[in-house]
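Here is a set of questions and answers on a two-chain structure. Have the sequence and the model open as you read.

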Amino acid sequence: MSNQVYEQNFDINNLDPADFVLINKGEAIKDEVSSIKALGFFKDAWVRLKRNKSAMMAFTLIMIIAFFAVVGPSMNKWGYNDQNPTWTNLPPRIPGLAGLGIADGTRILENRRTDYFSDPNKYPEGSILSYTVTGNVNGIDMATVKVDAYKLAGVPDDTNFLFGTDYLGRDLWTRMWRGARVSLTIAILAVSANIVIGVVYGAISGYYGGSVDMVLMRITEILGAFPQTIVATMLVLILGRGIRGIVTAMLIRGWTGTARLIRAQFFRYKGREYVLAARSLGVPDRKLIFRHILPNSIGPLITQAMVSIPGAIFSESFLSFIGLGLQAPEPSIGVLLSDAQKTLLTYPYQMVFPAILISILMISFNLLGNGLRDAFDPTMRGVTD
Amino acid sequence: MAKYIFQRILAAILTLFVILTIAFCVVRLMPGSVFDDPDLSDSVKKVLEERAHLDKPIFVQYLYFLKGVVTENDWGTSVKLSPGMPAFQVIVQKIPVTMALNFISLLIAVPFGALFGILAAMKNKTKVDTAISVGVILGISIPSFVFATCLQYFLAYKFGWFPILYQPTATTAVKVSSMVLPIFALALSPIATITRYLRGELIEVLNSDFMVLAKTKGLNQFQATVRHALRNAAMPLVSIILHMFAGVVGGSLVIERMFSIPGVGGLMIKSINALDHSLTVAVLIFYAMISVATALIVDLTYGVVDPRVRMGGKKDE
């Protein structure tokens, strides 16, 4: 379009149609197409999550542990309940690390009679690495001996127990990864059930409000007044010591947190105009709840699930620790910890690996949970790290 | 205001009553009876069950129980663990050590948590802050019993600084030192929780306008933080600490077991295993009372300080 300067003396009543030209003829009027690609909700969150180093590291660690939980138990020839009465309590022996003096399959024995050292029935050849005489009792020298526990027990040289064996001669590598598998299964089962119950309950409470909300919230308050540990203890006793009992025990009040979260989200969104619009169009309550309001909560919900997993793992091992865990011989991280606790002072290595595993799992899930919360809701970033 | 207090107390009593009922039913529905002893003849068993009202339907048993509780503060009688003793008295004996353990660990947790939280917030985005944040993640993540095991193995067994187990009969000095490890193990997670909360809260407040004003009028960073920023964060902190108290009391169960401390937690497990039902119900009520009472205190203090809470809970917001 050009600004032509018209002569001033034209007649407004006698305009010549030829003077007029249609502008934009033949070209459509459009907004400029954005060169930036639109990001979906999840993709946006993923981009932010990827920038969070600790969360990504936690995610990798969880994936590694999950991989071993699936594959680990079948990586060597021992089953989780293969007992061997002569190979009990062997210390760990990891081939690559033997040169460093850790996990080399040796053990220090105190107050041993030196006159037995030459007896091949008691000390097979090559089992004694070094000894120092510490005293003399009734004419016999007593010594502190460093022995190769594997030779002492008659284990073939090419056989290694990476994490050692327990009091029944079971391979702890197999048992630990199977334990991780069981613990993770319990945690995931409990958390998903909690989420489902919590979502439905919280949605009803938040959507209908009023006296429905009052009654439903009173119920959660009553459930909340029971200490979690006590309820879990009672339920396991009633339902029996199995996965079912433990998961149910965690369900009893585990869902109240999710329910409260969803209820709050519903209070926030149910008065919005788009909900009113949908309602005026005759959308039924069920559809309003699940299609229109609930999707707003997907971010906090995923975060909540991730944050409750360590809680579930903790509850499981807590129950095992006080002797209400899974029934033998099924291992779980808690069962392993509780078994190791009994022989802590003599065989501390049995405690080390499960303790490290549960700590890494808990830390990783917490970090990932924090990362997800920041990713889904950037306004909350750094408020509680 | 009076109406609000009255409402909350009424709700708490109602909650406690429902819990009492549920606890009674659940425990009575547990399989097995303490009188299932093959050595007892049928006639003796019958007399015993009659005396404990076990021959009647559960509803009638419940009425007897309620009558006992309301009229003479009778929570039932222990039959197995301390035969003939009222359940109430059995618990009262065990309360001091459990309470001492929990109170002291929280008392320690509050100043340490506050210190670390303030420090981390003031040195935000420095190495100090990073170190404290790592510590917080560890403290929140590592289960108390794993931590307690480490303490037990290294500090008590390897270095011999503290006794491995609780020594109730030893001299006062030994007794106190044997309490150190369990208290420390219990305090870890509260310290981490308080630190995390305060750090988050303070970082947000430190950049606000009234902090600038406080500094303009001549306060230094520390004075401004403690006098102005901290006060803002104090009220929610009280409720967090009170809630934690209920949680810690439940959590001390496993610590009590590890260090063989004769507290309420151990009593609970023992009474369940011994089918000493009246005792189990009484212990459950004890725990429920603690958490209901803390919730009530939180509600009331909030209601007094923050009028918005009193108004809350209207329909169709």
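Q: Which residues of α10(B) are buried?
A: This is a predicted model, in which local features need pLDDT of at least 70, side-chain atom pairs count only at pLDDT 80 or more, and totals for chains, interfaces and linings use all residues. Residues are numbered from 1 along each chain as written, chains are lettered from A in the order written, and side-chain values use heavy atoms, without hydrogens and water. Buried means under 20% relative accessible area, exposed over 50%, and partly exposed in between (1.4 Å probe, protein chains only). In α10(B), the buried residues are Val264(B), Gly265(B), Leu267(B), Met268(B), Ile269(B), Ser271(B) and Ile272(B).

Q: Why is helix α10 of chain B described as largely enclosed?
A: Helices (H or I, at least four residues) and strands (E, at least two) are DSSP runs, numbered from the N terminus. This helix spans residues 264-273 of chain B. It is largely enclosed by the rest of the structure because seven of its 10 residues are buried.

Q: Which side chain makes a polar contact with the side chain of Ser271(B)?
A: Ser271(B) lies in helix α10 of chain B and counts as buried, because its relative accessibility is 0%. A polar contact is a pair of N or O atoms within 3.5 Å; within protein, one must be able to donate a hydrogen and the other to accept it, and residues adjacent in sequence count only if both atoms are side-chain atoms. Contact in general means heavy atoms within 4.5 Å, and Ser271(B) touches Leu81(B), Asp276(B), Leu279(B) and Thr280(B), leaving out residues up to four places away in sequence. The polar partner, at 3.1 Å, is Thr280(B).

Q: Is Ala288(B) buried or exposed?
A: Ala288(B) sits in helix α11 (residues 277-305) of chain B. Its relative accessibility is 0%, so Ala288(B) counts as buried.

Q: What is the area buried between chain A and chain B?
A: The contact takes 39 residues from chain A and 45 residues from chain B. Buried area is the accessible area (1.4 Å probe) that two parts lose on being put together, summed over both. Carbon and sulfur atoms give 75% of it, and the total is about 3,800 Å².

Q: Which element gives the largest share of the side of chain A that touches chain B?
A: The elements giving two or more residues to that side are α5 (210-225), α6 (228-239), α10 (298-321), α11 (333-342) and α12 (349-376) of chain A. The largest share is nine residues, and it comes from α12(A).

Q: How many residues are in the largest nonpolar core?
A: A nonpolar core is a set of buried Ala, Val, Leu, Ile, Met, Phe, Trp, Tyr and Cys residues joined through side-chain atoms within 4.5 Å. Among those with the most contacts inside the largest one are Trp177(A), Phe266(A) and Phe145(B). Apart from neighbours within four places in sequence, Phe145(B) is in contact with residues including Phe314(A), Leu337(A) and Val254(B). The largest core has 145 residues.
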